[in-house]
Amino acid sequence: MRLRHIEIFQAIRQTGSISAAAQLLHVSQPAVTKVLQHAELQLGFPLFLRVRGKLQATPEALALEREVDKVSESLQGVRRLAQSLRREPGYSLRIGATPALALSLLPSAIREWTGTYPDIACELSSAHSRELVQNLLMREVDVALTLQPPEHPGLKAQALASGGLVVLAPKGYWPQDDIGQPLPLGGLADAPLIGLSSADPLAARLNSYFEAVEPPPKVRIAVQTYSLASAMVESGAGLAVIDPFTALDASPLVTTIRPLAPPLPITLYAVTRTTEPLPHTLNDLLLVFSRQAKAQLDRLMPVLPSTETTNDADRRRIR
């Protein structure tokens with residue numbers, strides 16, 4: 001099948017008639033009929049049968065449909081990439097971030113950066129780490145902020161700040177004297193924990209971390225984002241082990257935060273395409289992200305010297 005055959009096939013499947021498919025594609029009805037007939041002639045079997053005034057796919061067409069959809073998705077990817085390549089250079093800076101970082105770190109950093117570059121427009125988006133990798137490869141974003149380094153040869157990750165996961169709990173869960181003190185691993189024994197979905201890369205690390213806890217935490221609710229975990233803690237549903245940026249964004253009126261002991265490290269990364277040098281405007285933005293991220297981490301873990309050392313080294317690399 002040719003691409004035009006696939007386009008006509010999918011339009012008829014979507015609309016149920018040749019006339020409606022022609023309207024959808026902004027072509028004449030005879031043109032659709034001609035392309036459909038040509039496709040069926042090449043394939044050697046009919047793709048549609050007329051049933052009660054509508055065209056219904058034949059069993060052969062249904063068997064082809066899954067592979068046809070794959071070709072169509074690939075073609076849409078080519079179109080998206082071509083659209084990105086047509087963009088005027090320097091038109092705007094496109095920034096993607098995971099949901100947790102988009103809510104906790106992105107707003108204040110962008111506000112500061114746009115004060116320095118008021119003439120540069122920003123496009124902000126939020127997606128999960130896997131989607132951000134695809135967005136970068138499709139040139140739909142220029143930089144992505146994530147807590148997971150990418151595993152793709154076309155992308156590079158730059159560490160901006162390092163810290164540790166924290167435990168977020170409803171206010172009053174711990175005695176007042178314990179607030180701000182590291183939480184020993186045994187403090188999670190039999191605790192009502194808001195877990196992470198098994199699809200999250202951090203879930204496997206947490207499971208290994210909890211192996212030494214006896215009895216293990218009680219995970220009755222699993223969520224896909226740290227932001228949702230934080231919201232569940234605010235509702236009083238249990239505790240959550242999450243990144244410090246999301247934890248700091250939670251309401252201090254109803255929640256409290258404690259770092260873990262031993263610590264479970266986590267790093268903030270800026271991910272860009274390997275083959276492209278960073279413009280100075282983007283370098284300046286990464287400095288803002290690094291500085292603000294470090295300031296947030298220092299609010300939680302001012303006693304960890306490794307955090308300051310790591311960030312100072314990262315800041316020098318960014319320059």
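Which elements do the buried residues of α8 pack against? The views below come from a predicted model, and we start with that one.

**View 1. Helix α8 and what its buried residues pack against.** Helix α8 spans residues 201–209, and Leu202, Ala203, Leu206 and Tyr209 are its buried residues here. They sit on the same side of α8, because they cover an arc of only 120 degrees around the axis.

**View 2. An open sheet of five strands.** Reading across, the order is β4-β3-β5-β13-β6, with mixed pairing. At the edges you'll find β4 (121–126) and β6 (155–164), each pairing on one side only. From one strand to the next, the twist averages 20 degrees.

**View 3. Strand β5, its neighbour β13 and helix α7.** β5 and β13 (residues 265–273) run antiparallel and are joined by three bridges. Look for Ala144, whose bridge partner in β13 is Val271. Helix α7 (residues 129–137) lies across β3 (92–97), β5, β6 and β13, and it runs at about 165 degrees to β5.

**View 4. Thr146 in strand β5.** Strand β5 covers residues 143–146. Thr146 has 4% relative accessibility, so it counts as buried. Leaving aside residues up to four places away in sequence, Thr146 touches Thr98, Leu101, Ser129, Thr267, Leu268, Tyr269 and Val271. There's a polar detail too: a polar atom of the Thr146 side chain lies 3.1 Å from the backbone nitrogen of Gln148.

How values were computed:
Residues are numbered from 1 along each chain as its sequence is written. This is a predicted model: local features need pLDDT of at least 70, side-chain atom pairs count only at pLDDT 80 or more; totals for chains, interfaces and linings use all residues. Side-chain values use heavy atoms; hydrogens and water are left out. Buried means under 20% relative accessible area, exposed over 50%, partly exposed in between (1.4 Å probe, protein chains only). Helices (H or I, at least four residues) and strands (E, at least two) are DSSP runs, numbered from the N terminus. The arc is that of the directions from the helix axis to the C-beta atoms. Contact means heavy atoms within 4.5 Å. A polar contact is a pair of N or O atoms within 3.5 Å; within protein, one must be able to donate a hydrogen and the other to accept it, and residues adjacent in sequence count only if both atoms are side-chain atoms. Two strands pair if DSSP finds at least two bridges between them. Axes are lines fitted to C-alpha atoms, for helices over the stretch in contact, and angles run from 0 to 180 degrees between N-to-C directions.
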